[in-house]
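I opened this model to take notes on a few features. The entries follow in the order I looked things up.

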Amino acid sequence: MPVDQSLIGREFPPTPPREVTPEHVRAFAESVGGDWETGRPVPATYPITLAFEAMNAFLDDVGVDLSRIVHGEQRFTYTRPVRPGDVLSATLTVASLRQIGGNDIIGTASTVRDADGAEVCSATATLVHRGGEA
């Protein structure tokens, strides 16, 4: 079943605030095959942990099964670096939606904000929602 076109422009509630801890940054770095030590910059792709949580909330809300999603593209644009001690949350908006060959191509934009509401970075992604069996 195709994703509803009326979702374009819809903003979903922000994820619960989460503190960026050295332990979480280290675990993230190790999960992607790297390492991290206190005092070094947080990995540039770290905000995916928040953007992914926002994406899962969006998929749950609209009834799309994560197992039918292929992650097509991901980009981050920073306003400032993420730092341990930041308390961040992400808000996802459906930026675009089109159907090709029975699949939905969903463009999302997530804004990651700190505890003061200031933007830290934005993350855009393209998700391919595989259509049903032919």
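Predicted model: local features only at pLDDT ≥ 70, side-chain atom pairs only at ≥ 80, totals over all residues.

**Overall fold.** Next I stepped back to the whole chain. I count 2 helices and 5 strands in the protein. Along the sequence they follow the pattern β-α-α-β-β-β-β. The radius of gyration is 16 Å, close to the 14 Å that the globule rule gives for 134 residues, so the protein is as compact as a globular protein of that length. The C-alpha atoms fill a box of roughly 50 × 30 × 20 Å along the principal axes. Of the 134 residues, 35% count as buried. I also looked at how far the contacts reach along the chain. Among contacts between residues at least 6 apart in sequence, 67% join residues at least 24 apart.

**Salt bridges.** How many salt bridges does the structure hold? I find 6.

Asp 61 pairs with Arg 10, and their closest N and O atoms are 2.8 Å apart. This pair links distant parts of the chain: Asp 61 is in helix 2, Arg 10 is in the segment before strand 1 (18-19), and 51 residues separate them.

Arg 75 forms a salt bridge with Glu 73, with 2.9 Å between the closest N and O atoms. I looked up the accessibility of both. Arg 75 has a relative accessible area of 53%, and the cut-off for exposed is over 50%, so Arg 75 counts as exposed. Glu 73, at 34% relative accessibility, counts as partly exposed.

Asp 114 forms a salt bridge with Arg 80, and here the closest N and O atoms are 3.3 Å apart. This pair also links distant parts of the chain. Asp 114 lies in the loop between strand 4 and strand 5, and Arg 80 lies in the loop between strand 2 and strand 3 (87-100). They are 34 residues apart. Asp 114 is buried, and so is Arg 80. Which residues do shared partners join into one network? I get Arg 80, Asp 86 and Asp 114.

**Val 94.** I moved on to single residues. Val 94 lies in strand 3. Its relative accessible area is 2%, and buried means under 20%, so Val 94 is buried. I listed its contacts, leaving aside neighbours within four places in sequence. They are Leu 7, Ile 8, Gly 9, Arg 10, Phe 12, Phe 58, Ile 106 and Gly 107. Arg 10 in that list is the salt-bridge partner of Asp 61. I also took one distance. Val 94 and Glu 53 are 41 residues apart in sequence and 15 Å apart in space, C-alpha to C-alpha.

**Thr 108.** This residue is in strand 4. Thr 108 has 5% relative accessibility and counts as buried. Which residues does Thr 108 contact, leaving aside neighbours within four places in sequence? I read off Leu 92, Thr 93, Ala 95, Ala 123, Thr 124, Ala 125 and Leu 127.

**Tyr 78.** My last entry is in strand 2, where Tyr 78 lies. Tyr 78 is partly exposed, with a relative accessible area of 33%. Again I set aside neighbours within four places in sequence. Tyr 78 is then in contact with Pro 43, Ala 44, Thr 45, Pro 47, Val 120 and Cys 121. Tyr 78 and Ala 123 are 45 residues apart in sequence, and their C-alpha atoms are 8.8 Å apart in space.

Terms used. Residues numbered from 1 in each chain as written. Heavy atoms only, no water. Salt bridge = Lys/Arg side-chain N within 4 Å of Asp/Glu carboxyl O. Helix = DSSP H or I, 4+ residues; strand = E, 2+ residues; numbered from the N terminus. Buried < 20%, exposed > 50% of the residue type's maximum accessible area, 1.4 Å probe, protein only. Contact = heavy atoms within 4.5 Å. Rg over C-alpha atoms; globule rule 2.2 N^0.38 Å.
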